[in-house]
Amino acid sequence: MSTTAGSTHDSMDHLITSPSPSHPANHICALCRNFYTLGWVTGTGGGVSIKHGPHIFIAPSGVQKELMQPGDMFVMEHASRAYVRNPPVLKPSACTPLFLAAFDRGAGCCIHTHSQWAVLVTLLVERDALRQQGSAAASMAELLCFEIERIEQIKGIPKGQGKQGMLGYFDRLRVPIIPNTAHEEDLTQSLEAAMERYPDTYAVLVLRHGVYVWGDDVQKAKTQAESLDYIFRLAVEMRRLELPWTDQNTS
């Protein structure tokens, strides 16, 4: 797979030029400004990518997300994995291979955040595993999973790709957790493995790092990211109050 970025051609600027707020280049900027206020993309972390027709629009790496402009967007042709628009000076997002994993499974938008609540949830699950399994849990990090049930906001998460409707109040939400790596792109194999093991999931947590959330379109991905962050925050507070996330007698 080739995702090498070259020089920008002015003839490709039409791809990121539109007065419509819903155009991917404009929409990504608006989403990142919103996510910055939520603390999801501080310090240039996190990112957003939108698939639009044959093209994938990707926020650049190492840029203050609240200050991004449409001209900062990279544009890739999905089928060939070739960049067709490369802004000068900027670097392609290191999240790109992970975004592509979601798009290859039919997603229309993928969001990556460094939400503190997502990170804290992974730490709590990791601690539980260490207590239950001892040091062996460290080598089994890829098997970790956050689970919670009987929370109203679970209704904001779909049942799974190709399935009708949303999860219900009595359903158990499962979000797999993969181990972190030194380089973002090295997460790709673990992310894809988690997608295979949990085919109904629309999110994957990264241990001590954050979360990837995707949806059929921008609105659904945003709704799911917001719902999950609410649930993660609630789960952290529940643990502080010694309230269980699940009924141990159900599965």
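I178 stands opposite V206 in β8. This pair belongs to a predicted model, in which local features need pLDDT of at least 70 and side-chain atom pairs count only at pLDDT 80 or more, while totals for chains, interfaces and linings use all residues. Residues are numbered from 1 along each chain as its sequence is written, and side-chain values use heavy atoms, with hydrogens and water left out.

Strands β7 (residues 172-178) and β8 (residues 203-206) run parallel and are joined by 2 bridges; two strands are taken to pair if DSSP finds at least two bridges between them. Strands here are DSSP runs of E with at least two residues, and helices are runs of H or I with at least four, both numbered from the N terminus. In general, strands of a sheet pair through backbone hydrogen bonds, either parallel or antiparallel.

Helix α4 (residues 188-197) packs on the sheet and touches β7, β8 and β9, where contact means heavy atoms within 4.5 Å. The direction of α4 makes about 155° with that of β7; axes are lines fitted to C-alpha atoms, for helices over the stretch in contact, and angles run from 0 to 180 degrees between N-to-C directions. Helix α3 (residues 116-133) lies across β6, β7, β8 and β9 (210-215), and runs at about 70° to β8.

Turning to the sheet as a whole, 9 strands form an open arrangement with mixed pairing, in the order β4-β3-β2-β1-β5-β9-β8-β7-β6. The edges are taken by β4 (82-85) and β6 (145-149); each has a single partner strand, so one side of each is left without a neighbour in the sheet. From one strand to the next, the twist averages 25°.

Within this sheet, strand β2 (residues 55-58) includes H55. With a relative accessibility of 18%, H55 counts as buried; buried means under 20% relative accessible area, exposed over 50%, and partly exposed in between (1.4 Å probe, protein chains only). Leaving aside residues up to four places away in sequence, H55 touches L15, I50, V75, M76, E77 and V84.

Two backbone angles also deserve a look. Most residues other than glycine have a negative phi. T44, however, is not a glycine and has a positive phi of about 70°. T44 is found in the loop between α1 (24-37) and β1 (47-52) and is partly exposed, with a relative accessible area of 25%. E242, likewise a residue other than glycine, has a positive phi near 60°. E242 is found in the segment after α5 (218-240) and counts as exposed, at 72% relative accessibility.
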